[in-house]
2 protein chains.
Amino acid sequence: MEQITIKTPSKTYPVYLGEKVIPKLGEVLQSLDPAPKNVLIITDHHVGELYLNDIQSELDEKVSYETFQIEPGDSQKSFDNYYACQSFALEIGLDRSSVILALGGGMIGDIAGFVAGTYMRGIRFIQIPTTILAHDSAVGGKTGINHPEGKNMIGVFHQPEAVIYSTDFLSTLPENEIRSGFAEVIKHALIADPSFYDYLNNNIKSLTDLKGEHLLNCLTRGIEIKNEVVSQDEREKGIRAFLNFGHTLGHAIEGERQYKGITHGEAVARGMVFALSLNKKTVQLGNDLKSWLNDLGFAPIPKNLSVPSLINRMKKDKKAAGGTINMVLLEQIGQPTITPYQANDLEKKLTQFLEEN
Amino acid sequence: MEQITIKTPSKTYPVYLGEKVIPKLGEVLQSLDPAPKNVLIITDHHVGELYLNDIQSELDEKVSYETFQIEPGDSQKSFDNYYACQSFALEIGLDRSSVILALGGGMIGDIAGFVAGTYMRGIRFIQIPTTILAHDSAVGGKTGINHPEGKNMIGVFHQPEAVIYSTDFLSTLPENEIRSGFAEVIKHALIADPSFYDYLNNNIKSLTDLKGEHLLNCLTRGIEIKNEVVSQDEREKGIRAFLNFGHTLGHAIEGERQYKGITHGEAVARGMVFALSLNKKTVQLGNDLKSWLNDLGFAPIPKNLSVPSLINRMKKDKKAAGGTINMVLLEQIGQPTITPYQANDLEKKLTQFLEEN
């Protein structure tokens, strides 16, 4: 089992990572002060069917629990589900000493974390990720829900008490979810660690390579990089914005497609290729990345996207300010920069990119 | 003009207090870094009609602004209005450098603060209170909205950049709003300052006494006491709970009446009398308080309340835990304590109290 300690200005907490680490859950719950009398598990139907029993069997008899299940899919990170979770929490009498368990992928972590962050102005929660993608979202304290006008537009920073990451829960992931998560691993390598990027590039030739030690390395190093960035900038005032590499266009593509047909990571991966195309020094790297993504079976950029609509969404990005779009580019692997673009300038570049890609 | 500096672990900010202090708004906005390019004013129709022009005329030409108005009344602190504010903010292109101005009473401060605290995971806001009650809610960083199952059940802690409190905005307050706010002034005196309580008791014989220097004294000392408590306990882990004096029953009464027919402060005032009745040492003080409230024209406790329903609501109070109801009592003025009650025990005492009051 790996243990990574996440230090943020507001909280320090452990990530337990490895095969069959769920028994850690009981330990963590017992160590909490005040001890929770009840627990709310928030999960989706798919994950619930597979792993809910494993979680429930770790809960002490003294702790009562209830489960709230929502449909799978990022489109479920909605206001309606947020309200339904809050209503259920009140109905079952969750109080300030209670704990929410977020059992699922990034979608569940985000919405359950936002419920925890705002229920009675904030109660404790524990992340139990079940996807590769969640290595990214489970660390850093970002929580939130989507608005029809934009992804993750409403939320809070709220750190979990612990992250319990059992890699056996990843064995049932469908291929497109593996790709989606691996895109964020690639991102972490690109913004921070050339040798980790080489390692990935040399060892992950197909999705079937993502298992055992390689999988554990991907998650561990990905979390470490995320942690290095976040610990320096919890509230996203500075360098944390580098984590947005690939996301400005990625989010816009997802939004235009109503979060359907292309996964988050696939959209971000194509966004990284676009970002690399914007700096002459990284154009070749972008082309190589594109080939690798294609070899791994990543979805291509959807056809018939409206460039003005994409640009409009990019202007509404949380990192945008006053009509200028701030893009994360690379000088080289491990050296990200923030480059502001006027919307019409970026529109031309994006039009050309979409024609060629 | 009075200036009080509020220090919390997460932020230090000024409260400007006095006659015609609105020009401070322009100064505060200009001092912000980064400078906001746009501002969203959230207010209610009633306050908007009276004071929106005064605010707008203080805004620099370089700052664009939009206004979102909701209906007056605490019942408007709803999920629907919260969502409508968020949608409007996205529509007008509010970004992370933008600022929300909360122009109104506690209801506006709470909902606008919660919008600011969760829009893009938190943007800045400035409180411009227009009621006496808001001297309480404008300091301490509590924001939130109501759920049909309980008041202020969903929210975050989010501190404003500044509070600009222009007492001339209080000249148009209806009598029941003056009473509602004065109840919290009495509460601050009771939990913290015997001589302030004597001052109030000797000088505020009728609502018409609440003007000029007396009004300024009430607001200033009330804010100072609130600040003393909050600065020691921003996240309500300990002594901040003393501020809940009178609120456990008060909130339950408001909830049972769907926040209609009795103001927040009037309900809290009756809750304080109940709390004082629970300690032999303060029974007489409670009786005296009751007479004073009646002289000031405070609404009596509504008839035909269901005691089991009230107790049920008190069990759901945010300060409750695992079926025990934590009541704030006084040993004497300035000496609050937390006393846990079993629900059935408190139910008997409340039944008797309601028969006698």
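Met120(A) is buried, as 24 other C-beta atoms lie within 10 Å, in a model that is predicted. The residue belongs to the loop between helix 4 and strand 6 of chain A. Most residues other than glycine have a negative phi, and most peptide bonds are trans. A positive phi is also found at Asn304(A), about 60°, although Asn304(A) is not a glycine. Asn304(A) sits in the loop between helix 11 (283-295) and helix 12 (307-315) of chain A. In contrast to the buried Met120(A), Asn304(A) is exposed, since 6 other C-beta atoms lie within 10 Å.

The backbone also contains cis peptide bonds. In chain A, the bond from Asp33(A) to Pro34(A) is cis, with omega near 0°. Pro34(A) is part of the loop between helix 1 (24-31) and strand 3 of chain A. In chain B, the bond from Asp33(B) to Pro34(B) is cis, with omega near 0°, and Pro34(B) is placed in the loop between helix 1 (24-31) and strand 3 (38-44) of chain B.

Chain A has an open sheet of seven strands, with the order 1-2-9-6-5-3-4 and mixed pairing. Strand 1 and strand 4 (64-70) of chain A stand at the edges; each has a single partner strand, so one side of each is left without a neighbour in the sheet. From one strand to the next, the twist averages 15°. Strands of a sheet pair through backbone hydrogen bonds, either parallel or antiparallel. Strand 2 of chain A and strand 9 (residues 162-166) of chain A run parallel and are joined by four bridges. Leu17(A) stands opposite Tyr165(A), a residue in strand 9 of chain A.

Helix 2 (residues 45-56) of chain A touches strand 3 (38-44), strand 4, strand 5 (99-104) and strand 6 (124-129) of chain A, and its direction makes about 150° with that of strand 3 of chain A. Helix 4 (residues 106-118) of chain A packs on the sheet by touching strand 3, strand 5 and strand 6 of chain A, and its direction makes about 165° with that of strand 5 of chain A.

The domain assignment divides chain A into domain 1 (2-170) and domain 2 (175-356). The centres of the two domains, taken over C-alpha atoms, are separated by 26 Å. Contacts link 27 residues of domain 1 of chain A with 28 residues of domain 2 of chain A. On the side of domain 1 that touches domain 2, at least two residues each come from strand 1 (2-7), strand 2 (12-18), helix 5 (134-137) and strand 8 (150-154) of chain A. Strand 1 of chain A gives the most to this side, with four residues. By class, this side of domain 1 has 11 nonpolar, 10 polar and six charged residues.

Chain B can be laid on chain A with an RMSD of 0.0 Å by a turn of 180° and a shift of 0.0 Å along the axis. The two copies are thus related as by a two-fold rotation axis. Val156(B) comes closest to the rotation axis of the residues of chain B, at 4.2 Å (C-alpha). Between the chains, 31 residues of chain B are in contact with 31 residues of chain A. Helix 3 (79-91), helix 4 (106-118) and strand 8 (150-154) of chain B each give two or more residues to the side of chain B that touches chain A. Helix 3 of chain B gives the most, with five residues. By class, this side of chain B has 11 nonpolar, 12 polar and eight charged residues. The copies meet through the same surface, because 100% of the interface residues of chain B are also interface residues in chain A.

Methods:
Residues are numbered from 1 along each chain as its sequence is written. Chains are lettered from A and ligands numbered from 1 in the order in which they are written. This is a predicted model: local features need pLDDT of at least 70, side-chain atom pairs count only at pLDDT 80 or more; totals for chains, interfaces and linings use all residues. Copies are superposed by least squares on the C-alpha atoms of residues with pLDDT of at least 70 in both. Two residues are in contact if their C-beta atoms, placed from the backbone, lie within 7 Å. Ala, Val, Leu, Ile, Met, Phe, Trp, Tyr, Cys and Pro count as nonpolar, Asp, Glu, Lys and Arg as charged, and the others, Gly among them, as polar. Domain bounds come from an automatic or database domain assignment. Two strands pair if DSSP finds at least two bridges between them. Axes are lines fitted to C-alpha atoms, for helices over the stretch in contact, and angles run from 0 to 180 degrees between N-to-C directions. A residue is buried if 20 or more other C-beta atoms lie within 10 Å of its own, exposed if 12 or fewer, and partly exposed in between; C-beta atoms are placed from the backbone.
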